[in-house]
Amino acid sequence: MPSITTRTYASRAAAHPIPVAKQLLECMDRKQTNLCVSVDVTKKADLLRIANASGPYCCCIKTHIDIVEDFDQDLVQQLQAIAEKHDFVIWEDRKFADIGNTVRLQYSSGIYKIAQWSHLTNAHLIPGDGILTGLASVGEPLGRGLLLLAEMSAAGNLATGEYTAKNVAAARRYPKFVMGFVAMKRVDELEATSGGVAPGEGEDFVIMTPGVGLDSKGDGMGQQYRTPDEVIRESGCDVIIVGRGIYGGGSGRPDEEIVEQCKRYREAGWTAYEQRLKQ
Ligand code: 5BU
């Protein structure tokens, strides 16, 4: 089997069995960007401003909606409108980790009603397959997609080895809903991560990778940064996730600086992808 990394985002989009993954890959090809901007700010106005400034340059905006102090329904409506205008998908980085019945409610209900507005969300496999059954019962009918946290970027994290392999195996049991992984490398192509479940026919997992920075190697709180080239070309991941490298931390840099950093990361990520296709 040739590696998925030899294929273009466009050819993968054309064949992808999950509509939201198709939408993401098509968007990456159309906008020539594999950049996801992580907007981790605590004020509604800052979140919307940074999403609007970054929107033209990215394929995805990732949120942590529970850190926003003045959250309201208008925030998600405005965010959805910005996503339409600039053509990107929204990913609420919720990291679900409870039993099926609880995550079903956390995903659909409460103040945030994540499933109503977020194209993608993600989950830990710690509770076993029930978490996937619970989340799929809400997300699948709405055309949403899930990423499993097969690996993490933080120093000393426990998502390694056999646990990573089990994430790949579980993803293969939910082929209509699990569209990819948060991972540091091409976990679906490693012999050791086959997880005892054979790859499905036409399987295509999108690997989205945090811990990306061009100017720093860490943040003093465990985060570890690699360059877009290390992530996309060397490790075969598909999407770079950049937070503070772009918005600068706190309430965010001025728009012109955000745009400048978006262009820089977009260019680095796309060049790495073009180089990978030539390898
Ligand atoms: P940063 O500012 O680029 O370091 O932000 C990284 C973002 O990605 C932040 O929202 C984290 O919650 C998220 N993240 C991560 O850094 N590492 C992981 O393994 C996972 C998520 Br999963």
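Predicted model: local features only at pLDDT ≥ 70, side-chain atom pairs only at ≥ 80, totals over all residues.
How many residues surround the ligand, and which are the closest?

Residues are numbered from 1 along each chain as its sequence is written, and side-chain values use heavy atoms, with hydrogens and water left out.

**View 1. The shell around the ligand.** The ligand is surrounded by 16 residues, each with a heavy atom within 4 Å of it. Asp 40, Lys 62, Ser 153, Tyr 225 and Arg 244 are the closest. The shell holds 6 nonpolar, 5 polar and 5 charged residues. In this scheme Asp, Glu, Lys and Arg are charged; Ala, Val, Leu, Ile, Met, Phe, Trp, Tyr, Cys and Pro are nonpolar; the others, Gly among them, are polar.

View 2. A side-chain N or O atom of Lys 62 sits 2.7 Å from a ligand oxygen. For a polar side-chain atom of Arg 244, the distance to a ligand oxygen is 2.7 Å. Gly 243 uses a backbone N or O atom, 2.9 Å from a ligand oxygen. Alone, the ligand exposes 500 Å², and the protein buries 90% of that (Shrake-Rupley method, 1.4 Å probe).

View 3. A disulfide needs two cysteine sulfurs within 2.5 Å; the count here is 0. The sulfur of Cys 27 has its closest cysteine sulfur in Cys 59, 5.8 Å away, so they are too far apart for a bond. For Cys 58 the closest is in Cys 262, at 6.5 Å, also too far.

Key. Polar contact = N/O pair within 3.5 Å; in protein donor to acceptor, adjacent residues only side chain to side chain.
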